[in-house]
Every structure is written in structure tokens, then in C-alpha cells.
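Here is a short briefing on one protein model. Look at the sequence and the 3D view first, then read on.

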Amino acid sequence: MFQNANSPIMEQLILFHDYSLLILILILTMVSYIMIIILINKIKNYYILSGQFIEIVWTIFPALILLILAFPSLKLLYLMEEMNSSFITIKTLGNQWYWKYEYSNFNIEFDSYMNNNLNNMDYRLLETDNRVVLPMKNFIRILVSSSDVLHSWTIPSLGVKVDAVPGRLNSINCLINKSTLLYGQCSEICGTNHSFMPISIEAINMNYFLNWLKNFNN
């Protein structure tokens, strides 16, 4: 299932993808045109031994294209690694074959397994018995680790993919644009039931989130 981008980072990643694809199409079109002209043209000049101008052009032109791609790419890379002050911190622990979540600020923790009791509108292999509930339009810090083997906590629509490594704590910041349901899966082969480690996130506004915290503690 392909969900629309739901974070500023993922929106920028899609824009950069489209921007790069446009440049690649232009290059492919130009190279194809030159090759066709060379194949069609029957005129040959046997006295040309060198062409410094054309050599300078085909050296500088690719370098300029690389610079055009490099600057937005580096900017996006730094934006992805930027750590803002977060409203909430979620600890995520990968296990064979489920996820364990801990809301460090509110003393809440629970396990999340794949849900096999599906309703008509549920997605197979993506629903969980306990969803991660997060407030939208707030920076969220996610700490990811593993208790056994390598896992990878991945939410494509947020542009988030964090490796869960035993004995190591990886962190990432994210911001959810709107109230919605987001789905992901473990994207690191971690054993027999690797395909049965879904991730489901329910993004809600702040008032509903505070009510959820109150009801969970009660």
C-alpha cells in the first residue's frame, strides 16, 4: 500500500525525486538525439584530430549537472538529520516478532503485535492490536533499538527508516502533518516471521491525544 506523504521531510524527498527525474529525462533525451544524429549523418571528416572546445564542454556540462543535484541533496540530508526540541519521546524496541513501545514522558508502555482479527476496512498484514498514538503537528523524537537481532522501523509516508540494532540506540525526529492512520513494516530480514511485524500509527490532534493519555493511565 502506497500512502501519500505525511511529513515535511517526505514531501521534500518526493520533490527532489521529481526534480532529479526531470534532469535525467533531459539528459537521456539529449544523448539519444545526439546518437541518432550520429547514426543518420553520413558526412565524415577524416582530418579532425582533436576538438578542445567540445572536450571542455562535455567535461564542464556534467560537472554543472552534478552541482545542480548536489546542493538540494545535501540540504535535504541535513534537514533529515536535524534534531529539533521534541514534544514527546517514544522508545521503540524491536523483538522477534513484535514491537515494544514506551512513552518516556508519560510512563506508558505496551507491546504491538500483528492483528489477525480484521474488519472489512482493515489492511491485511498491516494492522496491529495496539496502535502507536501520536499528536500531529508536533515534533516527535523516536529512539529505536532491538533486544535480539537486527530490525528496521520504517514508515514510508513519513520518510522514516531507522535500524534497530542490539545494544545501540538510534534516534530520529519526525513531524506528522495531519490526522490519519499510517502504516509501515520491519524492513530488515529478521527471521521466519519477518513479514509479520507491522507498524501502525494513529495521528490525532493534541486534545484527543491528551484524552488518550488520561484514559490509558486510568
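Which side chain meets that of Arg131 in a salt bridge? The partner is Glu202, at 3.9 Å, N to O. A salt bridge here is a side-chain nitrogen of Lys or Arg within 4 Å of a carboxyl oxygen of Asp or Glu.

This is a predicted model: local features need pLDDT of at least 70, side-chain atom pairs count only at pLDDT 80 or more, and totals for chains, interfaces and linings use all residues. Residues are numbered from 1 along each chain as its sequence is written, and side-chain values use heavy atoms, with hydrogens and water left out.

**Salt bridges**

- The structure holds five salt bridges.
- Arg131 lies in the loop between β3 and β4 (132–135), and Glu202 in strand β10 (residues 198–204), so their pair ties together parts that are 71 residues apart in sequence. Helices (H or I, at least four residues) and strands (E, at least two) are DSSP runs, numbered from the N terminus.
- Arg131 is partly exposed, at 27% relative accessible area. Buried means under 20%, exposed over 50%, and partly exposed in between (1.4 Å probe, protein chains only).
- Glu202 is partly exposed too, at 28%.
- Lys100 and Asp111 form another salt bridge, at 3.6 Å, N to O. Lys100 sits in β2 and Asp111 in β3, 11 residues apart.
- Lys161 bridges to Asp163, with the closest N and O atoms 3.7 Å apart.
- Shared partners join Lys100, Glu109 and Asp111 into one salt-bridge network.

**The open sheet**

- Five strands form an open sheet in the order β3-β2-β1-β5-β8, with mixed pairing. Two strands pair if DSSP finds at least two bridges between them.
- β3 (108–112) and β8 (170–175) stand at the edges with a single partner strand each, so one side of each lacks a neighbour in the sheet.
- β1 (residues 88–95) and β2 (residues 98–103) run antiparallel, joined by six bridges. Lys91 stands opposite Glu102 in β2.

**Around β6**

- All five residues of β6 (residues 151–155) are buried, so this strand is largely enclosed by the rest of the structure.
- His151, Trp153 and Ile155 lie on one side of β6, with Ser152 and Thr154 on the other.
- Five bridges join β6 to the antiparallel strand β7 (residues 160–164). His151 has Ala164 as its bridge partner in β7.
- β6 and β7 make a hairpin with four residues between them. Gly159 in the turn has a positive phi of about 70°.
- β6 also pairs with β9 (residues 180–186), antiparallel, over two bridges. Trp153 stands opposite Cys186 in β9.
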